[in-house]
Amino acid sequence: MVIDRDITAQVVAGVANVETREPVGARTQFRVASVAKMYIAAIALRMVERGDLSLDERVGTLGVTLPASLASARDITLRQLLSHTSGLSQTFTRDEDRGRPLTIADRLDRIPPPVCEPSACWSYADGNYVLLEAVLETVVGRSLSEVFDTELLTPLALDGTRLVNAAVDDDPLPSQYALVRDDTNRVAEPGRLFEQSLPRSATLVTTAGDAASFADALFAGDVVSKATLTAMLDTSVMRDLPCPEGCKTEYGLGVFHYKLGGHELVGHDGSSGTIVVHDRMKDLTVAILTNGGDQAIGAFLEKVLLAIDS
């Protein structure tokens, strides 16, 4: 989906399931994986604007129940969680977890020991946003799904976006696939099931149109104030920090900065084969949602940008 100022265009291709050959449609909902971090950050920042939270507030003051293994997280601030400067390390699936839903408490319990002290390094880790989800539910006193509905989905009329609770909801979404390649780099098994890195109690799904609309509103300053948006895009908190796993690009509060195809973009990508970005100089928004998790989504986006510019 492309929103180029006031012009919109959408291209649909492929199938939702390689066995049934069910086609993808304009209203097909896709898992967006880590793109959800941009939504969670926006919700947290809206609460900061209202005075319900503070960016420099410590997790331990908010009443969040933490497992004993995560006791040190009490001193982590919301700013550090949002910017991945908390020192938490990445969480990976345990074999026994595959194929079953996990609660937020389960996911908190699976966060490994930190890789550094808070604000001593930049380390991208899903656990930062699991903790943020727990903070939002605790402070608001409602489920994460209700928080999403109240803060974003209803105000922005995102009727194609929802949180799917894997424990209770049916899963009519496109199956996830990996493009398994042989020694010559040719696709050998295009239908192999792609597993998310961590099963979730709730996962954000959306349509390409909704994803583009959300990003367009967010970066226009219609979701948070212009001052808050400036803070969201500021990368100074991580810019000079070492990166144990490497720094591929700069990160603000829930937002990556990309330079691609002659564009300076802000947004987020996800392991499910999704990316949602905005070019603030050209007022251009692009949302690419797929069900092929390991494809080179950056190269795909670059081709789309080149086509737009041609």
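Leu163 is found in strand β6 (residues 162-165), where a strand is a DSSP run of E with at least two residues and a helix is a run of H or I with at least four, numbered from the N terminus. At 13% relative accessibility, Leu163 counts as buried; the term buried means under 20% relative accessible area, exposed means over 50%, and partly exposed lies in between (1.4 Å probe, protein chains only). Leu163 and Arg31 stand 132 residues apart in sequence, and their C-alpha atoms are 9.5 Å apart in space.

This is a predicted model, in which local features need pLDDT of at least 70 and side-chain atom pairs count only at pLDDT 80 or more, while totals for chains, interfaces and linings use all residues. Residues are numbered from 1 along each chain as its sequence is written, and side-chain values use heavy atoms, with hydrogens and water left out.

**The chain as a whole**

- The protein chain contains 8 helices and 13 strands.
- Its radius of gyration is 19 Å, close to the 19 Å that the globule rule gives for 310 residues, so the protein chain is as compact as a globular protein of that length. The radius is taken over C-alpha atoms, and the rule is 2.2 Å times the number of residues to the power 0.38.
- The C-alpha trace spans about 50 × 45 × 40 Å along its principal axes.
- Of the 310 residues in the protein chain, 50% are buried.
- Of the contacts (heavy atoms within 4.5 Å) between residues at least 6 apart in sequence, 64% join residues at least 24 apart.

**An open sheet**

- Six strands form an open sheet in the order β2-β1-β13-β12-β11-β10, with antiparallel pairing; two strands pair if DSSP finds at least two bridges between them.
- β2 (7-9) and β10 (256-260) stand at the edges with a single partner strand each, so one side of each has no neighbour in the sheet.
- Strands β12 (residues 274-279) and β13 (residues 284-289) run antiparallel and are joined by 6 bridges.
- Val276 has Ala287 in β13 as its bridge partner.

- Thr207 lies in the loop between β9 (202-206) and α6 (208-219).
- With a relative accessible area of 1%, Thr207 is buried.
- The side chain of Thr207 reaches the backbone nitrogen of Asp210 at 3.0 Å.
- Leaving aside residues up to four places away in sequence, Thr207 touches Ala26, Arg27, Thr28, Gln29, Gly160 and Leu289.

Notes: A polar contact is a pair of N or O atoms within 3.5 Å; within protein, one must be able to donate a hydrogen and the other to accept it, and residues adjacent in sequence count only if both atoms are side-chain atoms.
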